[in-house]
Amino acid sequence: MSTMPELWWWAGAAVVVSLLAAYLVWTDRRVERLHARASSAAAALDAHLLRRAAAAAVLAEQLDAVELYAAARIALDAGSRLDPGTALGTGPRLGTVADSGEREAAENDLTRQLRRLAPTTGLAAAEPVIAASRRVALARQVHTDSVRDALINRDRPLVRLFGMARGHPRPRYFDIDEPTLTPSLTEPPRQITPHQVAPRSDVKT
């Protein structure tokens with residue numbers, strides 16, 4: 001008579017083990033999928049950053065803007081030293097712990113130079129840079145969301161207990177200033193007419 005309860009006990013234990021194993025497999029695949037998504041987002045962000053730097057270099061040549069051209073070249077060189085999973089570079093990948101942050105500093109300097117640029121060019125010349133900056137902003141948001149999801153999952157107790165994220169480099173946020181440029185970059189310089197100049201109070205009449 002004791003055989004039947006034992007069978008039910010073993011069947012119940014088998015169901016629990018099967019459910020636990022299925023959950024562990026699903027969690028492991030989710031961790032792998034989220035890290036792959038973060039890596040793809042980093043590669044996309046890297047590509048858009050390189051396109052923005054190239055467009056800024058072209059604009060700098062057209063305007064003969066030395067400082068802007070130097071910032072664009074530094075950003076291009078910093079990007080070429082990173083390895084986004086392609087043959088573009090041989091160094092650490094963008095957004096990983098091995099990335100020292102040199103790329104972030106270069107991109108922030110390029111953004112500052114673009115914002116300081118005097119609006120002396122027309123829409124046709126500046127539009128590629130403005131459009132590239134919008135794409136960088138969107139790619140950065142996607143990358144930030146992907147990194148957040150990957151970090152949340154890899155820091156879960158169950159994931160840490162079974163070392164599910166051990167084979168994946170820990171992603172990190174790419175901390176840069178807001179790259180979006182306003183269309184004011186393409187507006188003509190403001191002309192000051194004589195009646196707009198305030199009279200000097202120290203002039204004796």
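Start with helix 2, residues 66–80. Its 15 residues reach 21 Å from the first C-alpha to the last. That is close to the 21 Å expected at 1.5 Å a residue. The model shown here is a predicted one.

Which residues of helix 2 are buried? They are Leu68, Ala71, Ala72, Ala75, Leu76, Ala78 and Gly79. These residues lie on the same side of helix 2, because they cover an arc of only 165° around the axis. The spacing follows a general rule. An α-helix has 3.6 residues a turn, so residues three or four places apart point the same way. Now turn to the other face. Away from the buried side, helix 2 carries the exposed residues Val66 and Glu67.

Next, step back to the whole chain. It holds 5 helices and 0 strands. Read along the sequence, the pattern is α-α-α-α-α. The chain has 205 residues, and 36% of them count as buried. The exposed surface comes to about 12800 Å². Carbon and sulfur atoms supply 60% of that surface.

The largest nonpolar core has 22 residues. Which of them touch the most other members? Ala56, Leu68, Leu110, Leu114 and Val129 do. Four helices each supply at least two residues of this core: helix 1 (3–63), helix 2, helix 3 (102–116) and helix 4 (123–154). Helix 1 gives the most, with 7 residues.

Finally, look at residues 7–26. An unreviewed UniProt entry lists them as "transmembrane region". In the model, this stretch is 100% helix and 0% strand. Its end C-alpha atoms are 28 Å apart.

Methods
Residues numbered from 1 in each chain as written. Predicted model: local features only at pLDDT ≥ 70, side-chain atom pairs only at ≥ 80, totals over all residues. Heavy atoms only, no water. Expected span 1.5 Å × (residues − 1). Buried < 20%, exposed > 50% of the residue type's maximum accessible area, 1.4 Å probe, protein only. Arc of directions from axis to C-beta. UniProt positions renumbered as here; feature names shortened; annotations may be inferred. Areas by Shrake-Rupley, 256 points an atom, 1.4 Å probe, with all protein chains shown as cover. Core = buried A, V, L, I, M, F, W, Y, C linked by side-chain atoms within 4.5 Å.
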